[in-house]
Amino acid sequence: MVTRVLICLALAGMLGCEKRSTKYCGLHPNDLANCEQTDAPLPDPVACEMDSQCTGGHCELDANVCVECLDNAHCEAGERCDTGGSFTCRGCISNTDCPGGTCLPGGSCGDDSAVIYVDAAGTDNDACTMSAPCATLTHALDLVTTARRYMSVTGSFAESPVITVDVEILAGDNARIEGAPTIDWVIKVQGAVVKIYGLEIFCAGGDDANGIKAESSSTLTLDGVEISGCGRTAALELKGGFAIVTRSNIYDNSAGGIKSDGSAQLSITNNWIHHNGALTKAFGGLDLDNDPATSIKVEFNTIVDNQLSGLKCKSAFAAPNNIIGGNGTLLASNVSTTCDASGSIVTDDLAPLEFTNRTTEPYDYHIGATSTAKDNTSVPSTVLDDIDRDLRPQDAAKDYGADEYKAP
């Protein structure tokens with residue numbers, strides 16, 4: 001089996017890391033949530049047509065790149081091959097693989113010693129174990145320690161926690177947090193390193209609430225998160241610090257999708273950002289009040305069908321490989337003139353993109369086999385997977401937007 005080391009690409013300021021294989025981090029350099037910082041960029045994945053071209057690995061023939069495994073037989077005893085995206089050997093792929101019911105982001109199983117369990121049907125107590133889960137996130141956050149930094153969340157919650165401790169929140173069955181109707185946020189992060197995986201966030205407060213507010217130099221990672229229904233300032237409001245938003249679905253927020261101030265460092269990749277904004281609000285998709293020296297990465301997103309604007313910037317930065325379309329009515333896709341989206345598709349005509357469903361919920365922005373977004377990007381990028389964790393590219397070149405077309 002391929003030797004495992006802690007080597008991954010990260011942006012400056014990233015804290016915390018899970019153990020990943022060299023091949024995983026090489027193929028997923030944008031997975032800053034689970035890969036360690038390094039000063040040098042990782043090499044491009046090795047192209048292949050057969051296993052013999054892969055040193056100690058195997059050839060994944062859809063993307064024609066070398067990977068660690070193609071099935072469980074390529075892994076050590078007790079490990080499984082993640083054929084759903086990373087093609088790496090892991091201790092677990094899903095929660096059902098673990099006796100304790102929790103598969104951690106790094107691919108190992110968690111138990112009561114590492115995981116705090118929260119279930120809407122539980123009762124707040126001093127242990128929050130799997131057999132006796134707590135009922136609220138607010139109470140469970142008081143139990144977070146360095147050794148017990150994971151929180152497994154199941155069910156629907158009507159509360160608005162303030163997170164001031166380093167924690168990783170893992171969504172369990174039907175995990176949804178709606179916020180308290182009288183509070184102007186669903187989740188507030190203050191001065192902490194917080195990672196949230198797969199959670200659904202809905203603003204029960206509507207026009208009076210934001211989805212997530214991150215401030216006081218927080219480091220926030222959102223992976224596979226859904227945010228909707230927010231109408232105060234934004235679905236995600238960032239004030240300073242560092243934020244990684246990937247593989248997430250941000251939609252139906254009248255206040256707009258993502259808003260940052262001039263001091264926030266950002267990595268925004270592989271997201272669907274759509275149906276945000278309203279005529280009475282300030283923006284639609286993204287409003288980045290960036291300083292020229294601020295590190296900002298906005299790549300491979302599908303930013304479409306937003307009102308007022310698709311992408312607003314205070315200072316120019318390169319935003320390549322996105323699809324920015326059908327946003328507002330004032331300009332083509334409503335991209336502000338200060339933004340540099342020259343390496344993206346910017347269009348008001350979305351028909352040639354062949355989106356699966358952009359008219360009714362649940363919206364689906366996967367592209368079709370003959371989409372104009374397919375096999376067309378020319379700007380090099382270290383983003384090597386898509387919103388579904390499919391490898392990029394699947395064919396001759398990477399596809400624009402969050403979805404890399406994969407033949408059925």
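**The open sheet and its surroundings**

Modeller: The protein chain has 2 helices and 30 strands. The model is a predicted one, and every value below is computed from it. Of the 408 residues in the protein chain, 56% are buried. Among contacts between residues at least 6 apart in sequence, 50% join residues at least 24 apart.

The part you ask about is an open sheet of 8 strands, paired in parallel, with the order 7-8-11-14-17-20-23-26. Its edges are strand 7 (115-119) and strand 26 (296-299); each has a single partner strand, so one side of each is left without a neighbour in the sheet. From one strand to the next, the twist averages 10 degrees.

Strand 7 pairs with strand 8 in the parallel sense over 5 bridges. Within this pairing, Asp119 stands opposite Thr154 in strand 8. Strand 8 (residues 150-154) has 4 of its 5 residues buried, so this strand is largely enclosed by the rest of the structure. On to the next pairing: strand 8 is joined to strand 11 by 4 bridges, and the two run parallel. Here Val153 has Ala171 in strand 11 as its bridge partner. Strand 11 (residues 167-171) is in turn joined to strand 14 (residues 193-197) by 4 bridges, again with the strands running parallel. Glu168 has Lys195 as its bridge partner in strand 14.

Further along the order, strand 20 (residues 242-246) and strand 23 pair in the parallel sense over 5 bridges, and Ile244 stands opposite Ser267 in strand 23. Strand 23 (residues 265-269) is mostly covered, with 4 of its 5 residues buried.

The nonpolar cores come next. In soluble globular proteins, nonpolar side chains tend to be buried together. The largest nonpolar core in this model has 57 residues, of which Met151, Ile187, Ile196, Ile212 and Leu220 touch the most other members. Ile212 may be followed in detail: leaving aside neighbours within four places in sequence, Ile212 is in contact with Ile187, Val189, Ile196, Ile201, Leu220, Leu222, Ile227, Ala235, Leu236 and Glu237.

A pair of aromatic rings is described by the distance of the centres and the angle of the planes. With ring centres required to lie within 6.5 Å, the count comes to 2 aromatic pairs. One of them is formed by Trp272 and Tyr365, which are edge-to-face, at 6.0 Å centre to centre and with 70 degrees between the planes. Trp272 lies in strand 24 (residues 272-274) and Tyr365 in the segment after strand 30 (345-347), so this pair ties together parts that are 93 residues apart in sequence. Trp272 is buried, with a relative accessible area of 9%, and Tyr365 also counts as buried, at 0% relative accessibility. Phe355 and Tyr365 form an edge-to-face pair as well, at 5.0 Å centre to centre and with 75 degrees between the planes. Both residues of this pair lie in the segment after strand 30, 10 residues apart. Phe355, like Tyr365, is buried. Trp272, Phe355 and Tyr365 together form one aromatic cluster.

A ring also takes part in a contact of another kind. The charged end of Lys188 sits over the ring of Trp185, at 3.9 Å from the ring centre.

Ser94 lies in the loop between strand 4 (89-90) and strand 5 (102-103). At 30% relative accessibility, Ser94 counts as partly exposed. The C-alpha atoms of Ser94 and Asp82 are separated by 9.6 Å, and the two residues are 12 residues apart along the chain.

Terms used. Residues numbered from 1 in each chain as written. Predicted model: local features only at pLDDT ≥ 70, side-chain atom pairs only at ≥ 80, totals over all residues. Heavy atoms only, no water. Phe/Tyr/Trp six-rings, centres within 6.5 Å; stacked < 30°, edge-to-face > 60°. Buried < 20%, exposed > 50% of the residue type's maximum accessible area, 1.4 Å probe, protein only. Lys NZ or Arg CZ within 6 Å of the ring centre and 35° of its normal. Core = buried A, V, L, I, M, F, W, Y, C linked by side-chain atoms within 4.5 Å. Contact = heavy atoms within 4.5 Å. Pairing = 2+ DSSP bridges. Axes fitted to C-alpha atoms, helices over the stretch in contact; angles between N-to-C directions.
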